[in-house]
Amino acid sequence: MSEVALARKPWAKTLNRTQWRSLLAANLGWLFDGFETYALILTASLVLRTLEPTAPATQVAFLTGATIAVTLLGWGFGGIVGGVFADYFGRRKALLTSMVLYAAFTGLTAVSWSWTSFLVLRFITGFALGSEWGTGTSLVAETWPAHARAKAAGLMQCGLGLGFFLASACWYFIAPLGPDSWRYMFLIGVLPALFALWLRRKVPESDSWTSAHRRRRELKERGGELTAHEKSFTRLTLRQIMVDPKLRRLTILGSLMSLVTTLGWWGISTWVPAYVASRAAGEGHSATAWASGAGMIYNAGAIAGYIAFGFIADRVGRKPAVLLYFAASLVLTPVLFLWTHSLGLIVVVLVVNGFFTLGQYTWMPVWLPEFYPTHLRATGAAFVFNAARFIAFLGPLTAGAIISKLGGYGVAATAVGSIYVLGLVVAPFCPETRGQKLPD
């Protein structure tokens with residue numbers, strides 16, 4: 001059936017079981033990553049007090065930022081390596097490998113005996129986490145039709161918010177269990193190993209990747225003189241996205257926007273629980289309870305934002321949707337951290353802020369797969385998504401340092417939030433790809 005005929009039917013009724021399974025696999029993988037990431041954000045200060053009890057209180061924010069930064073670095077390296085792996089060995093195999101490694105090392109994190117051992121295990125866990133996104137994104141993009149692809153990306157990306165929400169909910173009940181409660185949070189991260197068994201049995205490989213892999217193998221076996229297009233199959237994928245002028249331009253533009261989204265979130269949003277906890281404590285409420293509640297409220301808005309972006313992008317285009325989310329995030333950052341003081345109003349702003357600052361992540365699984373051909377898709381998308389972390393890891397460090405020096409979250413968040421201006425400048429230079437077939 002043609003894309004035009006499919007587009008006339010309700011989008012959900014145009015899909016088959018394989019497409020839904022691919023989406024579920026990518027969504028659950030991202031959900032587990034979200035749980036692990038937010039578990040770190042929620043427990044970092046407690047981990048520091050347990051493993052580094054002599055650290056001065058003024059250094060806690062900086063050390064927390066350093067812990068998050070190390071995870072980001074591991075995520076960046078692992079994501080790029082995982083993208084290359086997925087282009088050479090398959091989407092399903094890469095997703096399976098990522099899940100198993102992640103489950104193993106997040107479980108080991110629970111038995112950390114020092115801050116140094118915790119940092120090392122966080123780096124390795126981040127390495128495993130990074131492999132999942134580019135693989136899942138490519139799998140969904142290659143199995144879903146063009147008229148529903150952005151919606152699928154939003155539904156996949158919302159797994160991150162669901163993971164954040166579940167981590168907040170679990171921490172609400174686990175936090176009162178004592179100083180070692182953080183260890184239980186990381187033990188929960190072993191569950192993806194069970195999901196990997198289902199993934200191996202139920203989710204098929206992408207047909208698009210299978211065809212591209214066969215083409216790559218045939219060209220390597222044939223040898224001899226190759227055309228420029230044929231060389232793109234035999235050259236190392238990471239090198240090809242840099243030597244091809246068109247792909248290099250798209251990679252640079254995408255990386256700049258990825259930096260905006262990643263640095264904005266890690267340098268601002270990761271401080272939401274601590275900021276709300278400080279406001280609650282000042283009014284005589286439980287800081288721990290409000291930190292967990294803020295995480296759930298914030299991520300409820302984020303889940304809606306992830307899903308909505310896909311529908312907006314399919315309706316009005318990729319570019320207008322990105323510009324809307326960047327502009328709203330620029331405005332809402334000072335609104336939350338500088339101009340909102342009552343806890344009741346903070347709850348309202350948290351929902352709206354989460355919708356845009358976290359929801360904007362969906363532009364990457366929507367737009368990036370449409371930049372690259374199949375044999376380079378996972379590498380290109382994973383590089384853009386993850387390379388930004390090599391700079392974005394400075395966001396938590398910078399914000400932590402500002403908070404330590406000035407003793408407040410507002411100035412730090414607003415300063416880092418100015419990065420959204422860069423996104424508003426860069427996005428117009430990217431091509432509009434709504435309704436187009438994926439590049440072969």
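Reader: Which side chain does R91 meet in a salt bridge, and what is the N to O distance?

Author: R91 meets E142, at 2.6 Å from N to O. Keep in mind that this is a predicted model. To read a salt bridge, look for a side-chain nitrogen of Lys or Arg within 4 Å of a carboxyl oxygen of Asp or Glu. Then ask where the partners sit. R91 lies in helix α4 (residues 91–109) and E142 in helix α5. They are 51 residues apart, so the pair links distant parts of the chain.

Reader: Are R91 and E142 buried or exposed?

Author: Both ends are buried. R91 has 0% relative accessibility. E142 has a relative accessible area of 11%. The cut-off for buried is under 20%.

Reader: How many salt bridges does a search of the whole structure find?

Author: The search finds eleven. One of them joins R122 to E36, with the closest N and O atoms 2.1 Å apart. R122 is in helix α5 and E36 is in helix α2 (residues 17–51), so this bridge ties together parts that lie 86 residues apart in sequence. R122 is buried at 0%. E36 is buried too, at 1%.

Reader: How do I read the bridge between D180 and R183?

Author: Start with the distance. N to O is 3.3 Å. Then take the accessibility of each end. D180 counts as partly exposed, at 36%. R183 counts as buried, at 19%. Bridges can also share partners. Here, R149, K151, D314, R318 and E370 are joined into one network that way.

Reader: Now the rings. What describes a pair of aromatic rings?

Author: Two values do: the distance of the centres and the angle of the planes. This structure holds 19 aromatic pairs. Take Y325 and F355. Their ring centres are 5.8 Å apart and their planes meet at 25°, so the pair is stacked.

Reader: Where in the chain do Y325 and F355 lie?

Author: Y325 is in helix α15 (residues 318–337), and F355 is in helix α16 (residues 343–357). They are 30 residues apart, and the pair links distant parts of the chain. Check burial residue by residue. Y325 is buried, at 1%. F355 is partly exposed, at 22%.

Reader: What kind of pair do W363 and W367 form?

Author: An edge-to-face pair. The centres are 6.3 Å apart, with 85° between the planes. The cut-off here is over 60 degrees.

Reader: Why do residues three or four places apart in a helix point the same way?

Author: Now the case. W363 and W367 are four residues apart in helix α17 (residues 363–367), about one helical turn. W363 is buried at 0%. W367 is likewise buried, at 0%.

Reader: Which residues form one aromatic cluster?

Author: The members are W30, W75, W133, Y361 and F385. Rings can also face a charge. The charged end of R216 sits over the ring of Y88, 4.6 Å from the ring centre.

Reader: Which residues are buried in helix α13?

Author: In α13 (residues 272–282), the buried ones are V272, P273, Y275, V276, A277 and A280. G284 follows α13, and its phi is positive, near 85°.

Reader: Last, the whole chain. How many helices and strands are there?

Author: There are 22 helices and zero strands. For overall form, compare the radius of gyration with the globule rule. A compact globule of 440 residues would come near 22 Å; the chain has 21 Å, which agrees. The C-alpha trace spans about 70 × 45 × 40 Å along its principal axes. Of the 440 residues, 58% count as buried.

Note on methods
Residues numbered from 1 in each chain as written. Predicted model: local features only at pLDDT ≥ 70, side-chain atom pairs only at ≥ 80, totals over all residues. Heavy atoms only, no water. Phe/Tyr/Trp six-rings, centres within 6.5 Å; stacked < 30°, edge-to-face > 60°. Helix = DSSP H or I, 4+ residues; strand = E, 2+ residues; numbered from the N terminus. Buried < 20%, exposed > 50% of the residue type's maximum accessible area, 1.4 Å probe, protein only. Lys NZ or Arg CZ within 6 Å of the ring centre and 35° of its normal. Rg over C-alpha atoms; globule rule 2.2 N^0.38 Å.
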